[in-house]
Amino acid sequence: MAKSKKETVDKKTESKIAGIRSWKLNKPQKFVLGCLLVLFSIALLVAFISFYVNGQWQTDQSAVDSLEDRSEEVQNWLGKFGAYLADLIVYRGFGLASFILVRLFFLTGLFLALELSTKKLKNTWFWDIFAIIVVSVLFGFFATSAPELGGTIGYELNIFLQDYIGKTGTLLTLLFGLIVYLIFKIKVSPEKIQSYFDSTKKEFKSELNSIKKSQQQDLEPESAYNLEEFAIEEDPELDNIHLKTDDSKFEINKEALKPTINHSSEIELNPILKPIQPKQELPLVTPDEAFVIEKAEEEDIIEENLASRLVADFGLFDPTLDLSNYKFPTIDLLKEYSTGGITINQEELEENKNKIVDTLRNYKIEIAQIKATVGPSVTLYEIVPEAGIRISKIKSLEDDIALSLSALGIRIIAPIPGKGTIGIEVPNKTPTMVSMKSVIGAAKFQEAEMELPIALGKTISNETFVVDLAKMPHLLMAGATGQGKSVGLNAVLTSLLYKKHPAEVKFVLVDPKKVELTLFNKIERHYLAKLPDTEDAIITDNAKVVNTLNSLCTEMDNRYSLLKDAMVRNIKEYNEKFKSRKLNPEAGHRFLPYIVLVVDEFADLIMTAGKEVEVPIARLAQLARAIGIHLIIATQRPSVNVITGLIKANFPARIAFRVTSKIDSRTILDTQGADQLIGRGDLLYTNGNDVIRVQCAFIDTPEVEKITDFIGSQKAYATAYLLPEFVGEETGINLDMDISERDTLFREAAEIIVNAQQGSASLLQRKLKLGYNRAGRLIDQLEAAGIVGPFEGSKARSVNILDLSALDQFFNNEQN
């Protein structure tokens, strides 16, 4: 029981100590204390001035010693209290240096009343106290007969120093103190002193020259120049000219006085154009020194598509020779949506900064510095918390900060990788649209030395974000409906169209929506790849996707065989070897273009085709990177039943548009954050390392149509790039099956199939109560007879006979 009482007493004392430590002044208390210090500094100034003006340090001495006597009169303007303060601080203190205390109290009061940053105030206190001591000792050294100038402290310190290091040592110490103050506080450098003396020297010389000229003009007024009579004659007369100079080292170049131009027609103006220096963006000035607003420099825009300048080296094989006159699309085909550059609303930034600081301060989190970086749609506020603040405490206040800012959704990055700061991303009230033209025209994209460069958009720091699809090597795009996945796919395809020749890259487009990618039909014979016997290159029927994917697997196996024969490791080395004519085309070698498989709405494909799609996709994802086949898959939510763990493990590069929950964000990126995006192309990109926020470039349907029209109007290949033909296992049935070998239930099975108009083995299993093997054999026999159609994936087979009467006629014809 005694222990428990002791513990309660200890807890109470600890809570009291913690309360004393955590005690801080609120706003009214700071204002009142600040006003008190300002008024006290004015009182000190009045007392100090009257102390010296009226000679009160002598007359009021007796009055100070007897303050209790009310009849005693003093000369100080602040009465007995002022006389006491002046005697205590000036006479018994620091002398004339005490006036620095007036400044110090006044500034401290202002800082408290106006709630300014205390960092500068601490610096001011240190250097003012340093100056008070140095000045006081300095007056005590030179004015020993006037104790009121240096004060008692200055006099005693001076005597103390002289006793140990003598007068010379004391003087040198004082000089060293003055030098330290001038260099570190007033920032006086040797270069500034030298430049000051040089400037004064030049001014003195110019004044001397002007005085000499004025004296000469006063002595010789008739020697003024007459412009009409002034002329330069022939060379002999020039030799007679003698110029007098005061300095013997100064010589006149007579050749320079000869006329070089006889007539105005001989003048040729060749202006020298100076290179335009790029404007350096300076940080915007803000009232608070701890708040910095950074505006990123605008990137150089290249109006010409540099890909059109590519020329093949002489002697090497040129894969673009078949379309040697092909012209890359021009940047003028794209539309400029933005007004040019990011507009900074400084009031909005200051308001958001104050709200963030106040919200954190309410939870006793102080900030040492805060910096704002303005992006197209989001502003990043980088904060540096005071020492001892836990990062998890700030991260838990995400919803509270969003509430105070009234923002659509904020995202906290704690800490920012590579920086010692915490990032708070706040959406702008008026976001700037990032046009595809500004991204394609950026020098970072035009000069990118990548195999398959993709310009996605712009980052928070307004830099064009360019990635290499060949390094990814596959890309997974996910996000809720209407958040920008289809526009992102168009941006990816447009980037490749602007950088790669038709001979270098081919697209396999799968579009279950049937409306998103159909515009690329116009460039079928330039850029698209398809199966040999298909009409449309863009696959809209999910049943045909299985054959296409299996065909790509066959192409992958064929390419690996070519790489093995060429003894190279990847497609880049193979193509370089083929271009340098080290591989024989007669042995089957050929130039291998990159193949990009784009699948929009992958979830719909899985729902209809199932396992038949999953196996070839998994094979391509695992093996296809080295031979130049890259996958771009878009889906709403890559759950386990849509994208298996085997496929997802081979998609390290992921793009997440806005989703509705943190669970969906973790499903896509393996981290949260996508649920805090603002939509309209706002995305997070990761390639297994950091998560980067990007505003996706916007490209509208008319722009895509212009680009495809421009490419489609040019000379093309005879056909689209043909993939190898795929022969499925189910199609290898012996159609010349003997009638005598038919099952005894063949006719009954045919009647069931014709009645139901649905050809499937499961139907026969249910109706005839058969096992799977016998039902499968019956279906094969019905296909061989021509009653049902071929295998079509997960769909039921088509029935070629419409009714029972037609079936009877079919059997009668067979018997005859």
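This is a predicted model: local features need pLDDT of at least 70, side-chain atom pairs count only at pLDDT 80 or more; totals for chains, interfaces and linings use all residues.
## The chain as a whole

The chain has 816 residues, and 42% of them count as buried. Its secondary structure comes to 28 helices and 16 strands. Among contacts with a separation of 6 or more, 67% are made by residues 24 or more positions apart.

## Two pairs of packed helices

Two packed helices are described by the angle between their axes and the distance between the axes. Here are two such pairs to look for in the structure.

The pair to begin with is helix H16 (residues 485–499) and helix H24 (residues 701–712), which pack at an angle of about 30° with their axes 12 Å apart. That angle makes H16 roughly parallel to H24. Their crossing is left-handed. On the H16 side, Asn-490, Thr-494, Leu-497 and Tyr-498 take part, and they meet Val-704, Ile-707 and Ile-711 of H24.

The other pair is helix H25 (residues 746–756) with helix H28 (residues 804–815), packed at an angle of about 145° with axes 10 Å apart. The crossing of H25 and H28 is right-handed. In H25, the residues at this meeting place are Phe-746, Arg-747, Ala-750, Glu-751, Val-754 and Asn-755, while H28 brings Leu-804, Leu-807, Asp-808 and Phe-811.

## Salt bridges

Side chains of opposite charge can pair when their charged atoms come close. The structure holds 23 salt bridges. The table shows some of them.

| Pair | N to O distance |
|---|---|
| Glu-351 and Lys-355 | 3.1 Å |
| Lys-522 and Asp-709 | 2.9 Å |
| Glu-783 and Arg-797 | 2.8 Å |

Take Glu-351 and Lys-355, which form a salt bridge. Both sit in helix H11 (residues 346–362), and because they are 4 residues apart there, about one helical turn separates them. Glu-351 counts as partly exposed, since its relative accessibility is 34%. Lys-355 also counts as partly exposed, with 26% relative accessibility.

With a relative accessibility of 35%, Lys-522 counts as partly exposed, and Asp-709 counts as partly exposed at 37%.

Next come Glu-783 and Arg-797, whose side chains also meet in a salt bridge. Glu-783 is in helix H27 (residues 772–785) and Arg-797 is in the loop between H27 and H28, 14 residues apart, and the pair links distant parts of the chain. Are these two residues, Glu-783 and Arg-797, buried or exposed? Both Glu-783 and Arg-797 are buried. Elsewhere, salt bridges that share partners join Arg-411, Glu-425, Asp-682 and Arg-693 into one network.

Leaving aside residues up to four places away in sequence, Lys-506 touches His-526, Tyr-527, Leu-528, Ala-529, Pro-593, Tyr-594, Ile-595, Val-596, Tyr-717 and Tyr-721.

Lys-353 is in helix H11. Lys-353 counts as buried because its relative accessible area is 5%, and the cut-off for buried is under 20%. Lys-353 and Ile-383 are 30 residues apart in sequence, and their C-alpha atoms are 9.9 Å apart in space.

Asn-547 belongs to helix H18 (residues 542–566). With a relative accessibility of 36%, Asn-547 counts as partly exposed. Which residues does Asn-547 touch, not counting residues up to four places away in sequence? Asn-547 touches Leu-531 and Phe-726. Asn-547 and Leu-531 are 16 residues apart in sequence and 8.3 Å apart in space, C-alpha to C-alpha.

Definitions and conventions: Residues are numbered from 1 along each chain as its sequence is written. Side-chain values use heavy atoms; hydrogens and water are left out. Contact means heavy atoms within 4.5 Å. Axes are lines fitted to C-alpha atoms, for helices over the stretch in contact, and angles run from 0 to 180 degrees between N-to-C directions. Helices (H or I, at least four residues) and strands (E, at least two) are DSSP runs, numbered from the N terminus. Angles under 35 degrees count as roughly parallel, over 145 as roughly antiparallel, 65 to 115 as roughly perpendicular and the rest as oblique. A crossing is left-handed if the near helix is turned anticlockwise from the far one by less than a right angle, and right-handed if clockwise. A salt bridge is a side-chain nitrogen of Lys or Arg within 4 Å of a carboxyl oxygen of Asp or Glu. Buried means under 20% relative accessible area, exposed over 50%, partly exposed in between (1.4 Å probe, protein chains only).
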